[in-house]
Amino acid sequence: MKPDPITSAPTDAAARKAIKPVICYPTDTLPRPDLSAYRALRDGLELIETVVVPPRDAATWEVPAGHFCRIVCSEGAQVGDLNLFNLSNLSERFYSGKTRALNGTHVGLGDQLFSNLPYLRPIATITHDTLDWYGFDEFGGSVHDVIGTRCDPYTHNLLTNGGQYHHCCHSNLTRALAKRTGMPLSEAETHVHDVLNVFMCTGFTRDTGQYFMKASPVRPGDYLEFFAEIDLLGCMSACPGGDCSAEHSSDAASCYPMIVEIYKANLAKGWKPSAVNGYDRSHGLKQR
């Protein structure tokens, strides 16, 4: 939050504030996905696996490259915190910061999810979103954000004078990843990263710039769908905040399971997973 100023405004304050903003990352040259090609693939999808993510807990699943994944609202309004990894290399994972810089604060149809440095490539493409009608509301809120980090027990501890809550999304993701990989909790936790907040409705207050949440507009049957550009390991927590209309990191909210569906597609011959970023990693120095 910006505090009340103690510095007197300069005489040209209004002129400085009136300078028009410049987009940090113009995307005119960013390769964009051909949505018509993805939509053509959707006509012949074959459901091959269904995973249930229990409320206030997390689950993992695999999405082979060239397959589709749907995250489905099942029994009631519920948001999910999603981590994505390169299935064969957990060091490559979803990078919410760069995804946000290239797409905006919230993602939707046609947006691509990027991996971290030094890989920086599209690892998933959003191909369908039944909440795309929502847009931005009067408060500046929208769905599927890449601005929140995930609820976690450390922040909860700070804000509750020492509280110990074990079903924050960070902990849920940590337990699920540890179970999947056989890692000890302490090691698995280092791989858990900032999330895509699926179905969550969020924004920033216009007066204080604070991150806010409000009741998700999601209803049973709604889904977010993406295409796997590489072999992926998904890990998602069904947030203890339920629809995040009041609070998270507690047992007070009504929470529901979420469904993950994996679909096989009939890919065109010659299709290839996305390539790792082409930067030579010399960083201005000659390689020995």
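The entries below follow the order in which I looked things up.

**Ground rules.** I noted that this is a predicted model, in which local features need pLDDT of at least 70 and side-chain atom pairs count only at pLDDT 80 or more, while totals for chains, interfaces and linings use all residues. Residues are numbered from 1 along each chain as its sequence is written, and side-chain values use heavy atoms, with hydrogens and water left out.

**Helix H3.** I began with H3, residues 96–103; helices (H or I, at least four residues) and strands (E, at least two) are DSSP runs, numbered from the N terminus. I asked which residues of H3 are buried, where buried means under 20% relative accessible area, exposed over 50% and partly exposed in between, with a 1.4 Å probe and protein chains only. They are Ser96, Lys98, Thr99, Leu102 and Asn103. They lie on the same side of H3 because they cover an arc of only 165° around the axis, the arc being that of the directions from the helix axis to the C-beta atoms. An α-helix has 3.6 residues a turn, so residues three or four places apart point the same way. The buried residues of H3 pack against strand S6 (112–114), contact meaning heavy atoms within 4.5 Å. Just after H3, I found glycine 104 with a positive phi of about 125°.

**Salt bridges.** How many salt bridges does the structure hold? I noted ten, each being a side-chain nitrogen of Lys or Arg within 4 Å of a carboxyl oxygen of Asp or Glu. One of them joins glutamate 225 and arginine 42, at 2.6 Å from N to O. Glutamate 225 lies in strand S11 (residues 223–228) and arginine 42 in helix H2 (residues 35–42), so this pair ties together parts that are 183 residues apart in sequence. Glutamate 225 is buried at 0% relative accessibility, and arginine 42 is buried too, at 17%. I also saw that Arg42, Arg70 and Glu225 are linked in a network of salt bridges.

I then looked at the salt bridge between aspartate 12 and arginine 16, whose closest N and O atoms are 3.0 Å apart. Here aspartate 12 is partly exposed, at 34% relative accessibility, whereas arginine 16 is exposed, at 52%.

**Aspartate 251.** Leaving aside residues up to four places away in sequence, aspartate 251 touches Arg56 and Tyr165. Its side chain makes a polar contact of 3.2 Å with that of arginine 56 and one of 2.8 Å with that of tyrosine 165; such a contact is a pair of N or O atoms within 3.5 Å, where within protein one must be able to donate a hydrogen and the other to accept it, and residues adjacent in sequence count only if both atoms are side-chain atoms.

**Nonpolar cores.** Last, I turned to the largest nonpolar core, which has 44 residues; a core is a set of buried Ala, Val, Leu, Ile, Met, Phe, Trp, Tyr and Cys residues joined through side-chain atoms within 4.5 Å. Trp61, Leu82, Leu84, Leu196, Phe199 and Leu232 touch the most other members. Strand S9 (residues 196–204) gives the most to this core, with five residues. Apart from it I noted another core, of 13 residues, among them Ala58, Ala176, Val192 and Val195.
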